[in-house]
Amino acid sequence: MDSVTITLIVIGGFLLLLFLGMPVFGALGMSSVTGILLVQGMRGLGAVPGVIYDRLTVFPLVAVPLFILMGEIIFHSGIGSNIFTATNRWCNRLPGSMGMASVAACAIFSALCGVSVAGAATIGSFAIPEMLKRGYDKSLATGCVAASGGLALLIPPSVALILYGVVGDESVGKLFIAGIVPGIVLAGLMMSYIFIIGIVRPELAPRSTEEVSLKMKFEALLQIWPVLLLIILVLGSIYKGIATPTEAAAVGCVGALILSYFKKKLDWQTFRNILKSTISTSTMIMLIFASALLFGYVLTRLQVPQQLASYVSALDMPNWVILICIFALLYIMGMFMDVVSVILISTPILLPIVLQMGYSSLWFGIVMAIACEIGTETPPVGLNLFVIKGVSPPSVSLMDIIRGAIPFALVETVGLIIFIVFPGLVLWLPNLVQ
């Protein structure tokens, strides 16, 4: 059987199993084993343990459960309300102040955990009711949190960037540093959009009438100074080269435990729930990762990435046209699959094409994360949409959330275009650190 036929069977079988409702790791695993049998026969199955073991035992992967644990501890510590209070007081009296405060709070929370749903759920649980109580439009109130929760995929410590770094053979530390500027820019674009809405359509985002003194603003900052110190400790140690991302994750976990202890939010039952949730999430990610490794192994044996790269380089088309096709594919994948699956499946296929066109793998990791971030707020399977529905009052429908998230997806698309046209914005900070 020729390689083209086997490739069609492998990819077609994967899509069919997904359509039938099989979990992503199961669909990847079954289609990969089928491909190995077709290419190498039964003797090929002997390579399976080695393929999985070699890539699952790399040191940077240890950071994944550690950062998830850190995020879970922060999530249960109740610190999210203090973060929102501080950002809300500093944005007070600005047009769309509470919406802007929600975005800023999600951005800060993103620097404490690498999973987007945690920020969306934590900040949304009290920011959305507060905005609705102040007369905010339901779509704007929910959409801004659904979108800004996705910043955790970009702002370090991002689990998505760790996985990309391992699969794409790129430095996780450099990816973390490269994600800082784009994360700040995207948060700024979202806040600017809300600010404009507050001026043009003030009935959608009423201006706050509450008087907040300078003393109250600094008191709110004092409430979150341990959080800011923890962020500086984790990211600063990576930036200065004092610790690897994995070592910084361990330091972050210890710091989060200390912070939670002093806030008196950590009892034995809560700690057990934190560990259960961390194990569940980490296991799910690792299962998908192991299956994706097999899938990538089969595609490599079939020379699919190499042939695609050669084919694309032979096309008489501008690079920007090819990039549009690549990001359109990522958008579509993000509409139907979770972020982890999109990164692990598409990186082995798309990265060789991008490198063939002369782009940096570091740059591609960041813009891919932005594309995946947009997917978290895009129907039909945008996970943040369902998370926000779960923490919103019953009066808010899923359609309200979708209507609110779509404009922010367009704003982020503008940001994505900026980073594609000006890749130096992504690479500037990592190059400065070298």
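Here is a quick tour of this protein, from its overall build down to a handful of residues. Keep in mind that the model is predicted. The fold is made of helices: there are 20 of them, and zero strands. With 434 residues, a compact globule would have a radius of gyration near 22 Å, and the protein has 22 Å, so the two agree.

**The whole protein**

- Along its principal axes, the C-alpha trace spans about 75 × 50 × 45 Å.
- Of the 434 residues, 53% count as buried.
- Looking at contacts with a separation of 6 or more, 79% are between residues 24 or more positions apart.
- The protein exposes about 18400 Å², and carbon and sulfur atoms supply 70% of that area.
- As for charge, there are 21 positive and 19 negative side chains. The centres of those two sets lie 9 Å apart.

**Helix α8, an enclosed helix**

- Start with α8, which runs over residues 138-149. Its twelve residues reach 17 Å from the first C-alpha to the last, close to the 16 Å expected at 1.5 Å a residue.
- Eleven of the twelve residues of α8 are buried, so this helix is largely enclosed by the rest of the structure.
- The buried residues include Ser 139, Leu 140, Cys 144, Val 145 and Gly 149.
- What do they pack against? The buried residues of α8 pack against α6 (97-110), α7 (116-133), α10, α17 (361-375), α18 (383-391) and α19 (398-421).

- Ser 97 sits in helix α6. With a relative accessible area of 1%, Ser 97 is under the 20% cut-off and therefore buried.
- Leaving aside neighbours within four places in sequence, Ser 97 is in contact with Asn 88, Cys 91, Asn 92, Tyr 136 and Ser 208.
- Leu 189 is in helix α10. Its relative accessible area is 25%, so Leu 189 counts as partly exposed.
- Beyond its neighbours within four places in sequence, Leu 189 is in contact with Val 411 and Gly 415.
- Leu 189 and Phe 364 are 175 residues apart along the chain, and their C-alpha atoms are separated by 21 Å.

**Loops on either side of α9**

- Going from Pro 156 to Pro 157, the peptide bond is cis, with omega near 10°.
- Pro 157 lies in the loop between α8 and α9 (159-167).
- Asp 169 lies in the loop between α9 and α10 (172-200). Its phi is positive, about 55°, although Asp 169 is not a glycine.
- Is Asp 169 buried or exposed? At 72% relative accessibility, Asp 169 counts as exposed.

**Helix α13 and what comes after**

- Helix α13 covers residues 268-301, which makes 34 residues.
- Following α13 is Gln 303, whose phi is positive, near 65°.
- Further on, Val 312 has its place in helix α14 (residues 304-314). At 12% relative accessibility, Val 312 counts as buried.
- Which residues does Val 312 touch, leaving aside its neighbours within four places in sequence? Val 312 is in contact with Ile 322 and Ile 353.
- Val 312 and Arg 272 are 40 residues apart in sequence and 51 Å apart in space, C-alpha to C-alpha.

**Leu 350 in α16**

- Leu 350 lies in helix α16 (residues 339-356). Its relative accessible area is 5%, so Leu 350 is buried.
- Setting aside neighbours within four places in sequence, Leu 350 is in contact with Ile 326, Leu 329, Leu 330 and Phe 364.
- Leu 350 and Leu 308 are 42 residues apart in sequence and 8.6 Å apart in space, going from C-alpha to C-alpha.

Notes:
Residues are numbered from 1 along each chain as its sequence is written. This is a predicted model: local features need pLDDT of at least 70, side-chain atom pairs count only at pLDDT 80 or more; totals for chains, interfaces and linings use all residues. Side-chain values use heavy atoms; hydrogens and water are left out. Helices (H or I, at least four residues) and strands (E, at least two) are DSSP runs, numbered from the N terminus. The radius of gyration is taken over C-alpha atoms; the globule rule is 2.2 Å times the number of residues to the power 0.38. Buried means under 20% relative accessible area, exposed over 50%, partly exposed in between (1.4 Å probe, protein chains only). Contact means heavy atoms within 4.5 Å. Accessible areas come from the Shrake-Rupley method with a 1.4 Å probe; for residues, only the protein chains shown count as cover. Lys and Arg count as positive and Asp and Glu as negative; His and the chain ends are not counted. The place of a charge is taken as NZ of Lys, CZ of Arg, CG of Asp or CD of Glu. The expected span of a helix is 1.5 Å times one less than its number of residues.
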